[in-house]
Amino acid sequence: MEDLGRRIVSGDPEATRHLDPAELGRRYQVSHTVVREALKTLAAKGLVDARPKRGTFVRPRGEWSLLDPDVLRWRFEERGDADMLRDLAEVRAVVEPAGARFAAARRTDEDVAALEAALREMAATVADPVAHTEADVTFHRALLAASRNELLECLEVVIAAALSARDRLVHSSGERPGFAATHRAVLDAVRQGDPDAAEKAMRDLLAQAGRDEAGL
C-alpha cells in the first residue's frame, strides 16, 4: 500500500492508469487478499475507486483526501513539490497565529510544561535532523492543544504531517540561525498569558520559516 500510494501521489504514469489487482499481486508478490485490502485503504483516502465494467482506477486529484496524513506524507516525499510547501505556509499563516493567541489566553501549567519540554528536546537534538523534527512537531502540536479549540486541534494532523516533511528538507540544509529564539519567544508569550505577543511571536516564527525555505 505504501509504495502504490506514493507512486499514485507522485504521478507515476504506471500507477495512474487502470489498476489490475492481479498485476499488482504479481508486482508486489502478495496475495489477492492483501491487494484487495490495500486498494480498500487507498479508496478510503480518495485515491482509487472501482466500478463495474470499468475496474479499478485512480481518481482525479481533486477527489483525493488531501488532509489524510499518509497522502500528505507521500506528497511531501517529493522534494520538488513547491506547491505543497506554499500551501503549508499559507495554512500555517492562517492557523498558527490564532492558535498561539488562544493558547496564551487559555493555557494551563501542564501546557506550558509540554511546550518547555519540546523546546528542550529541540535544543538537545540539533545534530539529529529526525529527532529535531519530531521535537519541532511536538512543540507545534502542543501549542494547538493549548488553544482549547477542538477545530483548531483537528488541524494538527495537517500541521504535523506536513511540517514534519518540510522540516526534514530545511534541517538537512544545516543549522538555522534564529530557530530556537523564535520558538522561545512564542513559549515566553504563552507562559506570560499575553495573546498579542504570542500572535506576533508566531508570525515572526513563520516569517523566519519562510526565509529558511527561500534558502533551500
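Student: In which helix does His183 lie?

Tutor: This is a predicted model, so keep that in mind throughout. His183 lies in helix 11.

Student: Is His183 buried or exposed?

Tutor: The general idea is to look at the relative accessible area, where buried means under 20%. His183 has a relative accessible area of 1%, so it is buried.

Student: Which residues does His183 touch, not counting those up to four places away in sequence?

Tutor: With those neighbours set aside, His183 touches Leu119, Met122, Asp136, Phe139, His140 and Leu205.

Student: Which other residues of helix 11 are buried?

Tutor: Besides His183, the buried residues of helix 11 are Phe179, Thr182, Val186, Leu187, Ala189 and Val190.

Student: What span should helix 11 have, and what does the model give?

Tutor: The idea is to compare an expected span with the distance between the end C-alpha atoms. Helix 11 covers residues 179-191, and at 1.5 Å a residue its 13 residues should span 18 Å. The end C-alpha atoms are 19 Å apart, which agrees.

Student: What is the phi of Gly193, which follows helix 11?

Tutor: Gly193 has a positive phi, near 70°.

Student: Which residues have a positive phi although they are not glycine?

Tutor: The general idea comes before the cases. Most residues other than glycine have a negative phi. Gln29 is not a glycine, yet its phi is positive, about 55°. Arg148, also not a glycine, has a positive phi of about 55°.

Student: Where are Gln29 and Arg148 placed?

Tutor: Gln29 is in the loop between helix 3 and helix 4. Arg148 lies in the loop between helix 8 (129-146) and helix 9 (150-154). With a relative accessible area of 74%, Gln29 is exposed, whereas Arg148, at 41%, counts as partly exposed.

Student: How does the span of helix 6 read?

Tutor: Helix 6 takes in residues 82-106, which is 25 residues. From its first C-alpha to its last it reaches 35 Å, close to the 36 Å expected at 1.5 Å a residue.

Student: At what angle do helix 1 and helix 3 pack?

Tutor: For a pair of helices, read the angle and the distance between the axes. Helix 1 (residues 2-10) and helix 3 (residues 21-28) pack at about 115°, and their axes are 11 Å apart. Asp3, Leu4 and Arg7 of helix 1 make the contact with Leu24, Arg27 and Tyr28 of helix 3. By kind, the residues of this contact divide into three nonpolar, no polar and three charged.

Student: Helix 3 also holds Glu23. How far is Glu23 from Val35 in sequence and in space?

Tutor: Sequence separation and distance in space are read side by side. Glu23 and Val35 are 12 residues apart in sequence and 9.8 Å apart in space, C-alpha to C-alpha. Another pair is Arg54 and His18, 36 residues apart in sequence and 8.6 Å apart in space, again C-alpha to C-alpha. Arg54 is in the loop between strand 1 and strand 2 (55-58).

Student: Is Lys45 buried or exposed?

Tutor: Lys45 has 8% relative accessibility, so it counts as buried. Lys45 lies in the loop between helix 4 (32-44) and strand 1 (48-51). Leaving aside neighbours within four places in sequence, its contacts include Met1, Trp64, Asp68, Asp70 and Trp74.

Student: How many helices and strands does the protein have?

Tutor: The protein has 12 helices and two strands. Along the sequence, the pattern is α-α-α-α-β-β-α-α-α-α-α-α-α-α. Of its 216 residues, 42% count as buried.

Key:
Residues numbered from 1 in each chain as written. Predicted model: local features only at pLDDT ≥ 70, side-chain atom pairs only at ≥ 80, totals over all residues. Heavy atoms only, no water. Helix = DSSP H or I, 4+ residues; strand = E, 2+ residues; numbered from the N terminus. Expected span 1.5 Å × (residues − 1). Buried < 20%, exposed > 50% of the residue type's maximum accessible area, 1.4 Å probe, protein only. Axes fitted to C-alpha atoms, helices over the stretch in contact; angles between N-to-C directions. Contact = heavy atoms within 4.5 Å. Nonpolar A, V, L, I, M, F, W, Y, C, P; charged D, E, K, R; others polar.
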